[in-house]
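Hi there,

Here is the structure I promised to pass on. Have a look at it first, and then read my notes below.

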Amino acid sequence: MAPTQGPRAPLEFGGPLGAAALLLLLPATMFHLLLAARSGPARLLGPPAYLPGLEALWSPRALLLWLAWLGLQAALYLLPARKVAEGQELKDESRLRYPINGFQALVLTALLVGLGMSAGLPLGALPEMLLPLAFVATLTAFIFSLFLYMKAQVAPVSALAPGGNSGNPIYDFFLGRELNPRICFFDFKYFCELRPGLIGWVLINMALLMKEAELRGSPSLAMWLVNGFQLLYVGDALWHEEAILTTMDITHDGFGFMLAFGDIAWVPFTYSLQAQFLLHHPQSLGLPMASVICLINAIGYYIFRGANSQKNTFRKNPSDPRVAGLETISTATGRKLLVSGWWGMVRHPNYLGDLIMALAWSLPCGVSHLLPYFYLLYFTALLVHREARDERQCLQKYGLAWQEYCRRVPYRIMPYIY
Ligand SMILES: NC(=O)C1=CN([C@@H]2O[C@H](COP(=O)(O)OP(=O)(O)OC[C@H]3O[C@@H](n4cnc5c(N)ncnc54)[C@H](OP(=O)(O)O)[C@@H]3O)[C@@H](O)[C@H]2O)C=CC1
Ligand SMILES: CC(C)CCC[C@@H](C)[C@H]1CC=C2C3=C(CC[C@@]21C)[C@@]1(C)CC[C@H](O)C[C@@H]1CC3
C-alpha cells in the first residue's frame, strides 16, 4: 500500500471517476484537434473527418526526434545558470534550489535550430510529423507518469503533495503524488513546466510558418501575428521564469499525469492549434484588422504583465517604491494582500489579461470556424476552475482577511461580470 499523508485532502477533478475520464479524454481531444485542423471542414464539434491507422501514428523517426528534443532541453537545463533561485519553504522547512536559465535555453535552441537550418535541416517537414510526434509525446507522458508514481512509493511522507495521495491508484496517478520529484539537482516538474513543451510550441509554430512560406511563397500576415504573439508569451514566461516557483503547480500540486501530459504533450500540440489551422485554411487579413488585433494583444499583455509583476514585486519586497504606496490588508500569517492597483480591480487581473491575449491569438483565424477558438474556450474553463481552486487555498491560508478582500474586491476575473 502506498504511503498516504495524515488527514486526506478533499478529492478534486471529480475524484477517481473524473480522473479516469480525463486520462482518456485529454489525449483524445488533442488528437481530435490535430486531425480537425488539417481536415477540410475543420469541425471542432462532431467526429473527425478520418481516423488514422497505427502506421500514421507510429514512426521511429518521430520517436528519435522526440527523444533528441527532450535530451537537448535537459542538457540546456544543466548548463550553468545566470542565477540559482530558492523555492518556497517546504513542510520540512527546507527550500529547493532551481536554475534560472530558461530564457538562455530558448535563445540557445533558436541558435541551434538556425544553424541546423543553414546546414539543410528541413524545418518545414515538421508539420507532417505532428501526429506521430504527438503520439510519442503521449506515450512518454504515460510512461513517465508511471515512473513518477513508482518513485513516490519510496519518497518520504514530507515530500508528498497535499492532494494526489488518496490511496486510489488512478486518482493519484492522474494528480501526482510527489510534490517536487527530483534526481539530484534535476527537478522534473520545473523542467517540464517551462522547457520542452513551451519551447516546443514556438518551434512547431515556426515550422508551420516555414511550411506556409514553402507552399504559398511567403507566410501570411495572420500566421506572422499568431507566431509573434505566442513567441512573446513564451519569451515572457521564460524571462520571468522565477515567478513560476510561487504558482500552485509548483507549490501545491503533485507531479502526475495531468501536469506531465499537460506540459510535454498538450501545450506544444494544442496550443499551436491556430498556426496549424492557418496552414490548412489560409485567411486573408487586412492591415486595419491586423492593427486592431495587435492592439487587443497589447492591452491583454499590458494587464497580464502589469498584474503579475506588481504581485511578484510586492511579494519579494513590499517596501519597493513601485508598490509601497498601494493599499493592503494584513493577514494573520504576517503576509499582506494588495487591495488597490491591479489586484484591487478584480481578484485575478492576470487571468483577465491572459484571456484577452487568448482572444487576440484566435482572431487572425477569422470567424468562419469555431476550431481556432478552442484555446479561448478551454482556457476560460481552465482559469475559472483554477481561480476557484486558488480561492479555496487562499481562504484556508488567510481566513477572515481573505473574506475581507473578497468583500472589497467582489469580482473574480472580469469587472462587473464575473
Ligand atoms: N497559458 C496557460 O495555460 C496558463 C497560464 N497561467 C498564467 O500563469 C500566471 C500564474 O497564475 P497562477 O499560478 O494561477 O496564479 P497567480 O499568479 O494569480 O497566483 C495566485 C496567488 O497570488 C497570491 N495573491 C492572490 N491575491 C493576492 C493579492 N490581492 N495580493 C497579493 N497576493 C495575492 C496568492 O498567493 P500568496 O498569497 O501565497 O502569495 C494566490 O495564491 C497567470 O498569469 C496565469 O494567467 C496559468 C495557468 C495556465
Ligand atoms: C491538460 C490539462 C487540461 C491541464 C494542463 C495544464 C497545463 C497545460 C498548465 C498548468 C499551468 C500551466 C502554466 C503555464 C503553461 C500551461 C500549464 C503548464 C505557464 C508556464 C504559461 C506561461 C505563463 O506565463 C506562466 C504559466 C504558468 C502555469
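How do the residues of the shell around ligand 2 divide into nonpolar, polar and charged? There are 9 nonpolar, 1 polar and 4 charged ones. In this count, Ala, Val, Leu, Ile, Met, Phe, Trp, Tyr, Cys and Pro are nonpolar, Asp, Glu, Lys and Arg are charged, and the others, Gly among them, are polar.

Before you go further, some ground rules. This is a predicted model, where local features need pLDDT of at least 70 and side-chain atom pairs count only at pLDDT 80 or more, while totals for chains, interfaces and linings use all residues. Residues are numbered from 1 along each chain as its sequence is written, chains are lettered from A and ligands numbered from 1 in the order in which they are written, and side-chain values use heavy atoms, with hydrogens and water left out.

**Ligand 2**

Ligand 2 has 14 residues around it, and Glu-193, Ala-237, Ile-244, Asp-249 and Asp-263 come nearest. A residue is counted here if one of its heavy atoms lies within 4 Å of the molecule. On its own, ligand 2 has 610 Å² of accessible area, and the protein covers 85% of that (areas come from the Shrake-Rupley method with a 1.4 Å probe; for residues, only the protein chains shown count as cover). At least two shell residues come from each of α7 (188-194), α9 (221-239) and α11 (257-270), and α11 gives the most, with 4 residues. These helix names follow DSSP runs numbered from the N terminus: helices are H or I with at least four residues, strands are E with at least two.

**Ligand 1**

Around ligand 1 you'll find 25 residues, the closest being Tyr-271, Tyr-351, Asp-354, Arg-386 and Tyr-398. They split into 14 nonpolar, 4 polar and 7 charged. For Tyr-405, a side-chain N or O atom is 3.1 Å from a nitrogen atom of the ligand. Each is a polar contact, meaning a pair of N or O atoms within 3.5 Å (within protein, one must be able to donate a hydrogen and the other to accept it, and residues adjacent in sequence count only if both atoms are side-chain atoms). The protein covers 87% of the 930 Å² of accessible area that ligand 1 has on its own.

Which element gives the largest share of this shell? That is α15, with 8 residues. Both domain 1 (25-38 + 59-82 + 96-282) and domain 2 (285-417) put at least three residues into the shell; the bounds come from an automatic or database domain assignment.

A search of the whole structure turns up 0 disulfides, a disulfide being a pair of cysteine sulfur atoms within 2.5 Å. For Cys-184, the nearest cysteine sulfur, that of Cys-192, is 17 Å away. For Cys-394, it is that of Cys-406, at 8.6 Å.

Most residues other than glycine have a negative phi. Ala-42 has a positive one of about 45 degrees; Ala-42 sits in the loop between α1 (15-38) and α2 (54-57) and is buried, at 3% relative accessible area. Tyr-416, in the segment after α16, has a positive phi of about 65 degrees, but is exposed, at 70%. Buried means under 20% relative accessible area, exposed over 50%, and partly exposed in between (1.4 Å probe, protein chains only).

Cheers
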